[in-house]
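Please keep the model in view while reading.

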Amino acid sequence: MVKIGSHVSMSGREMLLASAKEAVSYDANTFMVYTGAPQNTKRKEISALQIEPAWEYMRAHQIQEFVVHAPYIINLANTVNAETYELAVEFLALEIERTKAMGSQVLILHPGSHVGAGVKAGIDRIAQGLNEVLNADSCYIALETMAGKGSEIGRSFEELAAIYDKVTYNDKLRVCLDLCHLNDAGYDVKNDFDGVIDRFDKSIGKENAAVIHINDSKNELGAGKDRHANIGQGTIGLEPIRYVVHHPAFLHLPKILETPYIPSPENPEKKVAPYKEEIQILR
């Protein structure tokens with residue numbers, strides 16, 4: 001069975017329960033949440049997240065797993081500003097604890113940006129930070145493949161593999177494959193997804209894939225821009241994306257949509273989630 005869902009919100013009194021309800025409204029059987037706004041560090045106490053009612057609801061609706069995404073403000077690759085790095089390490093440690101408490105096994109993380117210090121310095125700093133927070137009891141940290149925008153680390157499988165090589169508990173590392181990011185980084189997922197996965201397997205091992213972000217791209221192959229498009233409305237296209245979703249090697253992995261909101265048919269000035277329709281066409 002294909003595991004497919006989308007990013008959903010977690011807010012209000014119901015928190016994780018509201019997330020599960022939103023996912024079910026899209027006919028999803030998995031989902032992804034941020035533990036709070038991705039642009040800041042404001043978070044509710046774990047006791048306020050409505051975890052037990054959420055899991056009761058999920059079990060009743062055949063949802064067995066979900067994934068968490070760390071906020072964008074975490075930048076483990078920063079060697080230029082010590083305060084930024086220290087905040088990243090401290091907050092990532094807390095996100096690991098929240099992820100575990102919520103009952104998720106996977107925390108997705110953008111590796112970070114070296115902000116001009118160079119790729120090697122960035123990779124070394126990321127590994128240093130991961131070594132500070134990971135232990136035998138941690139959840140999995142899924143390093144996301146990046147598009148190559150600015151000074152991002154993770155635009156190639158080799159960069160992610162270099163992080164693996166420097167992390168003590170690298171058995172706690174996994175990878176989140178983002179289709180838009182892969183396309184924009186120069187990996188031809190449209191015409192040769194199997195070839196891309198072969199390269200991933202040789203660099204890191206395909207058993208290390210934990211999540212796939214299902215996004216079309218507004219950009220041409222190798223553009224390095226990271227602009228998501230709705231399914232079938234970008235340069236990758238519906239059939240190649242459907243091929244990925246149903247790929248036999250990854251049927252067990254959660255597939256998560258992060259596509260843009262679209263104008264409401266009833267009120268074009270209002271934006272609505274496209275996830276129910278996109279899940280339907282991909283399932």
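Lysine 271 sits in strand E12 (residues 271-272). Strands (E, at least two residues) and helices (H or I, at least four) are DSSP runs, numbered from the N terminus. Lysine 271 counts as exposed because its relative accessibility is 52%. Exposed means over 50% relative accessible area, buried under 20%, and partly exposed in between (1.4 Å probe, protein chains only).

This is a predicted model: local features need pLDDT of at least 70, side-chain atom pairs count only at pLDDT 80 or more, and totals for chains, interfaces and linings use all residues. Residues are numbered from 1 along each chain as its sequence is written, and side-chain values use heavy atoms, leaving out hydrogens and water.

**Charged patches**

| Surface patch | Residues |
|---|---|
| Positive | Lys218, Lys225, Arg227, Lys271 |
| Negative | Glu83, Glu86, Glu90, Glu132 |

Patch residues have over 30% relative accessible area and no salt bridge, with like charges joined within 9 Å. A salt bridge is a side-chain nitrogen of Lys or Arg within 4 Å of a carboxyl oxygen of Asp or Glu. Helix H3 gives the most to the negative patch, with three residues. Glutamate 86 lies in H3.

**Helix H1**

H1 spans residues 16-25 and is mostly covered, with seven of its ten residues buried. These are Leu16, Leu17, Ser19, Ala20, Glu22, Ala23 and Val24. Their cover includes strand E2 (30-33), helix H2 (51-60) and helix H3 (82-102). Aspartate 27 follows H1, and its phi is positive, near 65 degrees.

Key
Contact = heavy atoms within 4.5 Å. Patch = residues over 30% accessible without salt bridge, like charges linked within 9 Å, V, L, I, M, F, W, Y side chains within 5 Å. Areas by Shrake-Rupley, 256 points an atom, 1.4 Å probe, with all protein chains shown as cover. Lys, Arg positive; Asp, Glu negative; His and termini not counted. Charge placed at Lys NZ, Arg CZ, Asp CG, Glu CD.
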